[in-house]
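User: Please take a close look at one part of this model: how side chains connect separate stretches of the chain. Keep it brisk, and go through the contacts one by one.

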Amino acid sequence: MPKRLLDVGSGNMEIRLEQDITNPSPYIALSHCWQFSQPLKMTKDRLKQRGTSIHLEELSPTLRDAVQIARWIGIQYIWIDSLCIIQDDLKDWQEQSVQMGNIYRQSYFTIAAHVDMNSPSPTHGCFLERKTFYEFTHQDDSDRNYHTLVRGDFTHTEDPVTPISLTGRGWCYQERLLASRIIHFRPGEISFECFSNTTCECEALLPHDHLPWPRQPYESVKEGFAEYARVVEPDGDSALSDANNELDAGKAWMAWHDIVSNYATSAFTFKTDRFPALASVASRMPKRVFGSYLAGLWTKELISELLWRRSYNVLRFRDKPYVAPSFSWASGSGSIVLWSPWKELGGPYHLPLARVLEVNRELVTPEPFGQVRDGSIRLSGRVAPVKLRIPFLQRMYWILKPIPAMQRVEWLDQASEIPQWFCYKLRGFAWKLDHYPSLHFARDYVRHFAESLNTHKSTTVAEIAQLTRGDKSLNDLDGWTCSATSDTEEDSARMVLENLIAIELATWTPDFAAIENNDNGRVEVGALLLAPSRRRKGAYDRVAHIHFLRDIKEDDRVRIEDGREENLRRLNDCFAGCEEREIVIV
């Protein structure tokens, strides 16, 4: 049972805050967005001055409707975070926030109070206006009036699976995943969701667009998580060993990555809540498969976990105040893509190259999945200085973009399109100079000038111009195509202004059989771009993800008798001749 619950009584105008209820009783939990529900907050002063009694008129419409729903269902208790946690008591908040996963998990059901984002208002409450229904009046043969209620076209592609008004909030995302049963009160209709099914009033839910694996008739991220939430309880990885032995490691990784990909875009009033709001979900993931938790990453496959990247052309900013070390996806706000070699983890198609020597983390509280004060990893791998090819105007764009005042300048986002048009005109002029041999020197200069101004098609990606190796500088990259995707807008500026190095992490191939059969194959390498740390002397900050790629066909270095791992090492000469050294990333 939660430490505190609200006793909704039998229908009078008051409810009461009860503490340390000894008899186990069913209760309802409320999931809501404070920005719109504007809830009454329990504080130490209020408890002292007014006691535990709360008049219904003090509650906002959302909280008042939730109490009414509990009374209709006949449930005596309801848990509402703003009232059941003392909001100005830091110790109470820290104790109760880590219990929130269990509170929602053990509730009889959860009320999810959504908001009509077309006209959000704190006066709407749970029972939102149905704008998709139309009433028509008809007459029968006896001239008596009768009414027909017609439902308009209604799509579920965004609603109820990922309604931005609620599950776009970080705390609400965890609440939805963990609640054993959840009733969504949304614009248009009410829907029901549990670990095994999702249904709505019209019984016509559409498939989820981002399923970790297909299942009929319907599946959501919640159902993907359910397989592990049932088996693995916090600190109980071996509690059901027989069930644990049956876990599919690939599906477990896929479920986690699907959860994190959605969660990374969640909004927070306080950025430092990013880890606490995911703690109950992370604590339920199978440690046997994942290992130990390190600031949003897992140690069992840490090299692969480090290969996350920012989504192309999506704004992403470094969180302030400090939330996570730079090597973690949780260090910034915005969409990410996680690298998932889950089909062959540790297998012949995927070969980790760097070695993890040491991991460190410093927590704000004793909660192992909670807020992080500091963290670092020490890796050993092949390292090389790097130079980037960043056209002049793109350099200026990257330098200016992180400046707060510049983020409000609308033309800046369109500035990268200007050099594209200008370079097109310069190339046309250079083509005309082809007809005049005496002016070929001018033609070459114009072409060079055009390329120096030209920007990459992506506003988040730079090309690698040079990778300095021990035997030679890899200017032409020996057939390797490579690009660096900045982690945040601030890191884009650092890629322009600071000295950079790269550390090789892993190599892989999507289809080794094609290489063995002398068909068109491909070898890829993942690396990190690092800059001198601003937090710790002698350490490095991660600033970008690097992806190297080279097509392989009829390569005489392939010897089938040597095995796939040895062949993959031989084909990967991207960092050949580079110094192997230890690097600390913070």
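Analyst: A strand here is a DSSP run of E with at least two residues, numbered from the N terminus. By that rule, His 350 belongs to strand β18, residues 350-352. The model is predicted.

Start with that histidine. Because its relative accessibility is 2%, His 350 counts as buried. Its side chain makes a polar contact of 3.2 Å with the side chain of Ser 304.

At 0% relative accessibility, Cys 574 is buried. From Cys 574 to Asp 478 the C-alpha distance is 8.2 Å, and 96 residues separate the pair in sequence.

Now the charged pairs. The structure holds 24 salt bridges.

Glu 58 pairs with Arg 46, and the closest N and O atoms are 2.8 Å apart. Glu 58 lies in the loop between β4 (53-55) and α3 (61-73), while Arg 46 is in helix α2 (residues 44-50), so the bridge ties together parts twelve residues apart in sequence. Glu 58 has 24% relative accessibility and counts as partly exposed. Arg 46, at 9%, counts as buried.

Next, Glu 358 forms a salt bridge with Arg 378, with 3.1 Å between the closest N and O atoms. This pair links distant parts of the chain, 20 residues apart: Glu 358 is in strand β19 (residues 355-363), and Arg 378 is in strand β20 (residues 372-389). Glu 358 is partly exposed at 34% relative accessible area. Arg 378 is partly exposed too, at 25%.

The side chains of Asp 487 and Arg 542 also meet in a salt bridge, at 2.7 Å from N to O. Asp 487 is in the loop between β23 (481-486) and α18 (489-497), and Arg 542 is in strand β26 (residues 540-552). These distant parts of the chain are 55 residues apart. Both partners are buried.

Then there is the network. Salt bridges link Arg 494, Glu 498, Arg 534 and Asp 541.

For context, turn to a helix. Helix α10 covers residues 249-263, 15 residues in total. From first C-alpha to last, α10 reaches 21 Å, close to the 21 Å expected at 1.5 Å a residue. Eleven of its 15 residues are buried, so α10 is largely enclosed by the rest of the structure. Among the buried residues are Trp 253, Trp 256, His 257 and Asp 258. Val 260 and Tyr 263 are also buried in α10. An α-helix has 3.6 residues a turn, so residues three or four places apart point the same way.

Tyr 108 is in the loop between α6 (100-105) and β6 (109-113). Its relative accessible area is 41%, so Tyr 108 is partly exposed.

How values were computed: Residues numbered from 1 in each chain as written. Predicted model: local features only at pLDDT ≥ 70, side-chain atom pairs only at ≥ 80, totals over all residues. Heavy atoms only, no water. Helix = DSSP H or I, 4+ residues; strand = E, 2+ residues; numbered from the N terminus. Buried < 20%, exposed > 50% of the residue type's maximum accessible area, 1.4 Å probe, protein only. Polar contact = N/O pair within 3.5 Å; in protein donor to acceptor, adjacent residues only side chain to side chain. Salt bridge = Lys/Arg side-chain N within 4 Å of Asp/Glu carboxyl O. Expected span 1.5 Å × (residues − 1).
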